[in-house]
Amino acid sequence: MSWLEVAEEVLEAYAEAQRAVGKIRAAELEQKLKSRRWRFIQPLSVGDDLSIVLKLDFNQLDEGKLEELAESLHLRLGSIRLFDHVLVSEGGGYLGIGKGMLRISPKFPRDSLVEVLRTLLAGR
């Protein structure tokens, strides 16, 4: 299993959340994600803003590497409940990084998401 296979599933769930914005409610998206068979991720919940919470196996980054990553992608650092680290984009999108969980806003830039996934998943 390569990092790309795992990232592909994360990106599929993310794309589903993006398509759902303005069309369906969080509960409907959650049911849709949970009813699908995933090999590497487990959808846990969907927020009111249609952010998706996914359980998956990835490397935890130390504070320094996370700051470097945020700076290289022109993102700010923050935090939300259950997620020690949150990367925030200029457009208000965010990616929460917790212990074995990611919370991904549909507004978070796809290119930044791919880079974060590569950093978290490569070399596991």
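Reader: In which loop does Leu-50 lie?

Author: Strands here are DSSP runs of E with at least two residues, helices are runs of H or I with at least four, and both are numbered from the N terminus. Leu-50 lies in the loop between strand S1 (42-46) and strand S2 (52-55). The model is predicted: local features need pLDDT of at least 70 and side-chain atom pairs count only at pLDDT 80 or more, while totals for chains, interfaces and linings use all residues. Residues are numbered from 1 along each chain as its sequence is written, and side-chain values use heavy atoms, with hydrogens and water left out.

Reader: What is the phi of Leu-50?

Author: Phi of Leu-50 is near 65°, a positive value in a residue other than glycine. Leu-82 also has a positive phi, about 75°, and is not a glycine. Leu-82 is placed in the loop between strand S3 (76-80) and S4.

Reader: Is Leu-50 buried or exposed?

Author: Under 20% relative accessible area a residue is buried, over 50% exposed, and in between partly exposed (1.4 Å probe, protein chains only). Leu-50 has a relative accessible area of 6%, so it is buried. Leu-82 reaches 59% relative accessibility and therefore counts as exposed.

Reader: In which strand is Asp-84 found?

Author: Asp-84 is found in strand S4 (residues 83-88). With a relative accessible area of 49%, Asp-84 is partly exposed.

Reader: Which residues is Asp-84 in contact with, leaving aside its neighbours within four places in sequence?

Author: Contact means heavy atoms within 4.5 Å. With those neighbours left aside, Asp-84 is in contact with Gly-78, Ser-79, Ile-97 and Lys-99.

Reader: With which side chain does the side chain of Asp-84 make a polar contact?

Author: A polar contact is a pair of N or O atoms within 3.5 Å; within protein, one must be able to donate a hydrogen and the other to accept it, and residues adjacent in sequence count only if both atoms are side-chain atoms. For the side chain of Asp-84, the partner is the side chain of Lys-99, at 3.3 Å. As for a pair of C-alpha positions, Asp-84 and Met-101 are 11 Å apart in space and 17 residues apart in sequence.

Reader: How many salt bridges does the count come to?

Author: A salt bridge is a side-chain nitrogen of Lys or Arg within 4 Å of a carboxyl oxygen of Asp or Glu. The count comes to 7 salt bridges. In one of them, the side chains of Arg-39 and Glu-5 meet at 4.0 Å, N to O. This pair links distant parts of the chain, 34 residues apart: Arg-39 is in the loop between helix H2 (26-35) and S1, and Glu-5 is in helix H1. Arg-39 is exposed, with a relative accessible area of 63%, whereas Glu-5, at 32%, is partly exposed.

Reader: With which residue does Lys-32 form a salt bridge?

Author: The partner of Lys-32 is Glu-16, and the closest N and O atoms are 2.8 Å apart. Lys-32 lies in helix H2 and Glu-16 in helix H1, so the pair ties together parts that are 16 residues apart in sequence. Lys-32 is partly exposed at a relative accessible area of 45%, and Glu-16 is buried at 18%. Glu-16, Arg-19 and Lys-32 are linked in a network of salt bridges.

Reader: In which helix do Glu-115 and Arg-118 both lie?

Author: Both lie in helix H4 (residues 110-121), 3 residues apart, which is about one turn of the helix. Glu-115 forms a salt bridge with Arg-118, the closest N and O atoms being 2.5 Å apart. Each residue counts as partly exposed: Glu-115 at 27% relative accessibility and Arg-118 at 38%.

Reader: Which side chain of opposite charge is nearest to Glu-9?

Author: Lys and Arg count as positive and Asp and Glu as negative; His and the chain ends are not counted. For Glu-9, the nearest side chain of opposite charge is Arg-39, 5.3 Å away; Glu-9 is buried yet has no salt bridge. Glu-9 lies in helix H1 (residues 3-20). A polar atom of the Glu-9 side chain lies 2.8 Å from the backbone nitrogen of Arg-39, and the backbone nitrogen of Ile-41 lies 3.2 Å from a polar atom of that side chain. Leaving aside neighbours within four places in sequence, Glu-9 is in contact with Trp-38, Arg-39, Phe-40 and Ile-41.

Reader: Over the ring of which residue does the charged end of Arg-36 sit?

Author: A charge sits over a ring if NZ of Lys or CZ of Arg is within 6 Å of the ring centre and within 35 degrees of the ring normal. The charged end of Arg-36 sits over the ring of Trp-38, 3.9 Å from its centre.
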